[in-house]
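Please walk through this structure with the sequence beside you, taking a pocket, some helix packing and a few backbone details in turn.

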Amino acid sequence: MAHIEHSTALPYPRERVFAWFERPGALVRLTPPFAGSVLSEPDEGLRDGSEARLAVGAPGVLGTGLGALATALPLPSALPGWLRRGQLESTGRHDSYDPPRGFRVTTTGPFGRIVHEHRFVESGGGTVLHESVDVVAPRESDLVAGTLVPTLRRVLEYRAVQLRDDLAFHAAHADAGSRTIAVAGASGLIGTQLCALLSGGGHRVLRLVRRPAETSDEISWDPAAGRLDPEALRDVDAVVNLAGRSIGGRFTAAAKDEILTSRAEGTLLIARALADLAGDGRRRAFVCASGIGYYGTDPHGDGDDAPLTEESPSGSGFLALVCREWEAATEPAEKAGVRVVNVRTGLVQSPAEGSLSRLLPLFAVGLGGPLDREQWQSWISADDVVSVYAHAVLTDDLAGPLNAVGPEPVQGAEYARTLGKVLHRPALVPVPSFGPRLVVGTEGAQELAYASQRVSSDRLEASGFTFRHRTLGAALRLVLP
């Protein structure tokens with residue numbers, strides 16, 4: 001048996017810290033992407049007997065790389081997601097519920113039994129969270145003995161950062177009060193974390209689902225059929241639209257049509273529904289996703305590296321067209337007096353999906369390197385982009401286009417060096433230009449792999465937003481083992 005202890009000092013009253021743990025979304029926010037994902041949250045909160053299910057993968061850098069590779073493989077969609085990602089299931093059961101002093105979770109799964117005790121102690125007007133973890137691993141498992149305990153230490157460090165940063169975010173937006181927010185695309189990478197972050201702040205979150213609503217926290221809609229009852233949004237203070245077909249894969253004619261229509265039609269449907277409600281005296285907001293693809297694959301075309309601002313013109317290319325149509329579809333809501341924010345999202349750094357996930361298998365086996373040494377990559381950490389959406393919802397004087405990128409974009413060579421350093425792997429082998437073309441085709445490679453966009457975050461920071469991760473290294477160190 002192994003024993004681990006960790007303490008986190010928090011400048012908030014014990015009741016507030018414990019209440020955060022009791023709200024929906026806490027487990028999602030505390031589960032690092034390098035350790036697995038939440039299949040179902042605790043069914044009875046922190047109370048005795050409450051159970052949660054998690055998908056867990058092999059610990060360590062290689063496990064993360066293999067998990068990213070499994071996600072990218074074309075395995076049958078009928079398989080459960082956790083199985084397609086090369087992960088196994090574990091169950092956590094709660095006991096020793098003693099608010100606001102503590103609780104305990106016992107997790108059983110492929111790596112044995114893990115008992116996790118939480119104790120909340122008042123300290124000088126703040127709180128110290130003391131965590132102790134006892135690991136009873138299968139005797140024959142050398143893998144567990146060698147890598148599970150270090151991974152669990154990293155998990156505790158990750159949890160401490162998330163808890164501290166989430167509580168700070170909620171404190172900074174306390175004046176917004178409690179709101180009701182509907183989210184389309186709630187099951188995606190950003191949507192899942194956004195719903196969890198908002199719930200953790202005491203807001204009510206409604207999910208737009210493409211099936212009959214089964215609970216009072218669901219709203220049924222069908223963007224393809226143009227079906228959304230405006231009355232379902234009557235009590236909503238804001239709608240966040242993250243829905244749309246993934247842009248990964250080859251840009252075939254059919255794929256391009258689906259990418260465009262899935263964004264424009266759904267956005268227009270929500271915008272018209274919100275416009276229909278205008279005039280009832282309720283001030284609503286519509287926060288809609290967009291992308292830095294708006295600026296085109298080569299925004300300047302002359303080697304000029306001047307940062308792109310929200311006032312910069314849209315560029316050429318398919319994704320620029322998509323973003324223009326996407327943003328234009330919000331117009332009915334804006335004309336009706338709804339506060340509209342178009343979030344132009346940069347390259348989200350997550351091992352679960354996106355550009356980072358596609359690079360991890362190469363770096364894990366020592367074959368990583370830059371796609372293009374000179375291209376500008378305007379990245380943003382997964383937690384920062386989630387916070388940007390929440391910030392846009394809760395900041396009443398924020399409207400118009402908003403670049404969601406980190407404050408320090410990097411060029412390709414620096415990106416590769418930083419990722420290699422975090423993973424303790426070499427970053428010397430440039431990716432051959434034919435590699436991306438084989439995977440996503442010529443047009444996809446130009447739009448997704450080789451677009452060079454140096455984008456400014458000045459407007460975001462001027463709105464009062466505080467970055468959790470100002471440097472690429474800080475962002476990657478948090479989400480990678």
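**A pocket, helix contacts and backbone details**

Among the residues that line the second largest pocket, seven are nonpolar, five are polar and five are charged. The model in which this pocket is found is a predicted one, and the space that lies in the second largest pocket comes to about 320 Å³. Its lining is made by 17 residues, and those that lie nearest the centre of the pocket are A168, F169, A172, H173 and T466. Two elements, α5 (142–172) and α11, each give two or more residues to this lining, and α5 gives the most, with four residues.

Two packed helices are described by the angle between their axes and the distance between the axes. For helix α6 (residues 189–200) and helix α11 (residues 382–394), the angle is about 60 degrees and the axes are 9 Å apart. Because of that angle, α6 is oblique to α11, and the crossing of these two helices is right-handed. On the α6 side the contact is made by I190, Q193, L194, L197 and L198, which meet V385, V386, S387, Y389 and A390 of α11. Sorted by class, the residues of this contact are eight nonpolar and two polar, with no charged residue.

A second pair to consider is helix α7 (residues 253–277) with helix α8 (residues 318–328), whose axes are 9 Å apart and whose packing angle is about 15 degrees. Since angles under 35 degrees count as roughly parallel, α7 and α8 are therefore roughly parallel to each other. The crossing of α7 and α8 is right-handed, and the residues that make the contact are K256, I259, L260, R263, A264 and T267 from α7, together with F318, V322, E325 and W326 from α8. The contact of α7 with α8 comprises six nonpolar residues, one polar residue and three charged residues.

A further pair is formed by helix α12 (residues 412–423) and helix α15 (residues 472–479), whose axes come within 10 Å and cross at roughly 35 degrees. Here too the crossing is right-handed, as α12 passes α15. From α12, the residues Y415, T418, L419 and V422 meet L472, G473, L476 and R477 of α15, and the contact of these two helices divides by class into five nonpolar, two polar and one charged.

The remaining details concern the backbone. Most residues other than glycine have a negative phi, and most peptide bonds are trans. Which peptide bond is cis, and what is its omega? The bond in question runs from P99 to P100, and its omega is near -5 degrees. As for its setting, P100 has its place in the loop between β4 (88–98) and β5 (102–109). The phi of S96 is near 60 degrees, which is a positive value in a residue other than glycine.

Methods
Residues numbered from 1 in each chain as written. Predicted model: local features only at pLDDT ≥ 70, side-chain atom pairs only at ≥ 80, totals over all residues. Heavy atoms only, no water. Axes fitted to C-alpha atoms, helices over the stretch in contact; angles between N-to-C directions. Parallel < 35°, antiparallel > 145°, perpendicular 65-115°, else oblique. Left-handed = near helix turned anticlockwise from the far one by under 90°. Contact = heavy atoms within 4.5 Å. Nonpolar A, V, L, I, M, F, W, Y, C, P; charged D, E, K, R; others polar. 1 Å grid on protein atoms, 1.4 Å probe; cavity = no way out; pocket = protein on both sides within 12 Å on 5 of 7 lines; lining within 4 Å. Points joined across faces, edges and corners; volume = space filled by probe spheres on them.
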